[in-house]
Amino acid sequence: MNTQLAGTGALLRLALRRDRVMAPVWILGVAMLVLSLPGSLESVYGTAAERERLLATMTANGSLRALYGPVFGDSIGALTAWRGGVFAGLLAGVMSLVIVVRHTREEEESGRQELLSAAMVGRRAPLTAALLAALTANAAAALLVTAGLAGRGAAGALALGLGIGATGMLFAALAAIAAQLTESARLAKGLTGAFIGAAFVLRAAGDAGAPDGGSALTWISPLGWLEHVRAFAAERWWVLALFAAASAAQLAAAYALAARRDVGMSFLPARPGPARGRLGSAGALAWRLQRGALLGWSLGFLAAGVVFGGMTDGATELVGDNARTREIIERMGGQAGQAGQGVLADAFLATMAGMLAMVAALYIVSAVLRLSAEESGQRAEPLLANAVGRLRWAGGHLAVAFGGSALILLLAGLGLGIGHGEDIGGAVAATLGQLPAVWVIGALAALLHGAVPRFAVAAWAVAGAALALGWVGPALNLPQAVLDLSPFAHLPKLPGGQDPSWAPFVALTALAAALLAAALTALRRRDLAA
């Protein structure tokens with residue numbers, strides 16, 4: 001056996017054990033994003049005439065092609081690949097970067113990898129185990145997608161499943177390179193996430209300008225390759241070879257970099273200081289640590305708002321007189337039973353505002369859980385050993401998290417208004433109106449960190465569940481009792497024709513405040529994590 005790979009099996013089993021909760025949630029999320037679509041698409045576009053109209057509308061509508069890509073066939077399977085393929089590949093990429101960075105750079109950052117390397121563990125074993133863990137997760141997602149869509153056509157189901165899995169592995173290889181270049185797991189995730197975002201933007205720009213997806217910008221993006229596999233529409237199997245070649249080249253680069261550095265080191269080391277400006281308080285330190293992430297989220301939300309706002313007219317044109325699609329949008333937008341293109345546009349804007357708010361819940365969870373990273377990385381203990389109390393330390397990070405969520409939703413609303421070209425104030429009110437629900441999820445994350453820090457990571461599951469309920473719940477026609485499990489379901493949807501009641505806003509804000517108080521009380525009374 002190659003001594004460079006000694007201990008790979010044991011590290012893989014350890015990785016799979018550590019991911020026994022997280023990985024299945026991600027895998028099911030990727031698979032259900034695709035498998036939830038055929039039934040709803042069949043109810044919306046049940047006749048050949050409706051599907052032909054959809055193809056004609058998408059060919060002429062660049063803004064919607066930028067979001068979903070071009071349609072290559074009129075079967076339900078082809079529409080499923082069009083509607084969910086790119087987003088499933090995007091989600092698989094995020095899953096892969098989380099897994100790879102968790103079992104490489106995070107292990108080194110925490111010091112556990114140095115302890116493991118003192119045993120009989122080969123130099124390449126940690127990276128190989130992390131990549132195999134990502135391969136296992138992507139293979140499981142691909143298998144579920146293939147099995148779930150096999151009834152629509154075995155070849156198309158296999159092509160879509162392999163395309164999604166291959167996309168995930170390509171970004172896993174990219175995350176492996178980022179883990180060698182950077183000194184912190186947070187930066188490695190941010191760098192890989194930036195590349196994933198760039199891939200989506202390139203594909204969107206290319207598809208917006210080319211109805212057949214033949215733009216050079218589309219072919220530059222791995223997400224563009226995924227749509228060009230053309231599942232259920234005369235599959236192009238050779239496109240999968242592009243994924244294989246690109247992944248192999250990136251893996252070779254990752255292993256070459258890993259062989260040329262020591263454990264814990266990186267090719268782009270973090271600057272130790274001195275920091276510019278004055279850090280006179282725990283809050284100022286929290287701002288310094290989190291401002292880069294907040295800037296990235298802010299720019300992303302502003303851009304997303306402009307894009308979604310610009311899609312409003314095209315979306316109402318696509319819906320037309322399709323009763324089922326109108327029902328889904330109106331249910332998500334909270335204006336069912338009303339009529340008229342203006343009302344449908346308001347319902348679409350309300351839907352987009354709600355979706356952006358659900359994504360903002362991911363930001364607030366990541367910002368709150370920076371407390372866990374500081375504590376587990378043993379950076380909090382030296383700080384708290386000085387004249388800094390726990391409440392001041394935690395309060396700084398919580399202020400950035402809760403204030404930052406308000407900022408990004410404000411910018412999202414501005415973007416929606418600018419993109420739509422009408423009623424900027426109403427668009428801002430629509431996004432900020434979702435803020436109490438975002439704060440409830442952030443307060444739950446703070447409570448988990450304060451009371452049971454071992455399970456603080458479960459806050460991601462809470463945010464993910466709210467996102468899933470809001471995204472696919474109305475399309476699946478889930479009972480209202482199930483949808484009400486999300487705090488977002490209790491807030492009025494804006495813009496709308498009626499004055500909203502203030503009671504839900506006050507109730508959810510009070511709930512968030514109570515959860516925060518409980519979180520800070522629990523944090524004061526427990527020991528710091530070892």
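Predicted model: local features only at pLDDT ≥ 70, side-chain atom pairs only at ≥ 80, totals over all residues.
Local features need pLDDT of at least 70, side-chain atom pairs count only at pLDDT 80 or more, and totals for chains, interfaces and linings use all residues. Residues are numbered from 1 along each chain as its sequence is written, and side-chain values use heavy atoms, without hydrogens and water.

Start with the salt bridges. Each is a side-chain nitrogen of Lys or Arg within 4 Å of a carboxyl oxygen of Asp or Glu. The whole structure holds ten. One of them joins Glu 107 and Arg 18, at 2.8 Å from N to O. Glu 107 sits in helix 7 and Arg 18 in helix 1, 89 residues apart. Helices here are DSSP runs (H or I, at least four residues), numbered from the N terminus. Glu 107 is buried, at 6% relative accessibility. Arg 18 is partly exposed, at 27%. Buried means under 20% relative accessible area, exposed over 50%, and partly exposed in between (1.4 Å probe, protein chains only).

Now look at helix 19. Arg 370 and Glu 374 both lie there, four residues apart, about one turn of the helix. Their side chains meet in a salt bridge of 3.1 Å, N to O. Arg 370 is buried, at 9%. Glu 374 is buried too, at 7%.

Next, the surface. Leu 302, Ile 418 and Leu 432 are among the residues of a nonpolar patch. Helix 21 gives the most to this patch, with four residues. Ile 418 lies in helix 21. Ile 418 is exposed, with a relative accessible area of 52%. Patch residues have over 30% relative accessible area and no salt bridge; like charges are joined within 9 Å, and nonpolar side chains (Val, Leu, Ile, Met, Phe, Trp, Tyr) within 5 Å.

How values were computed:
Areas by Shrake-Rupley, 256 points an atom, 1.4 Å probe, with all protein chains shown as cover. Helix = DSSP H or I, 4+ residues; strand = E, 2+ residues; numbered from the N terminus.
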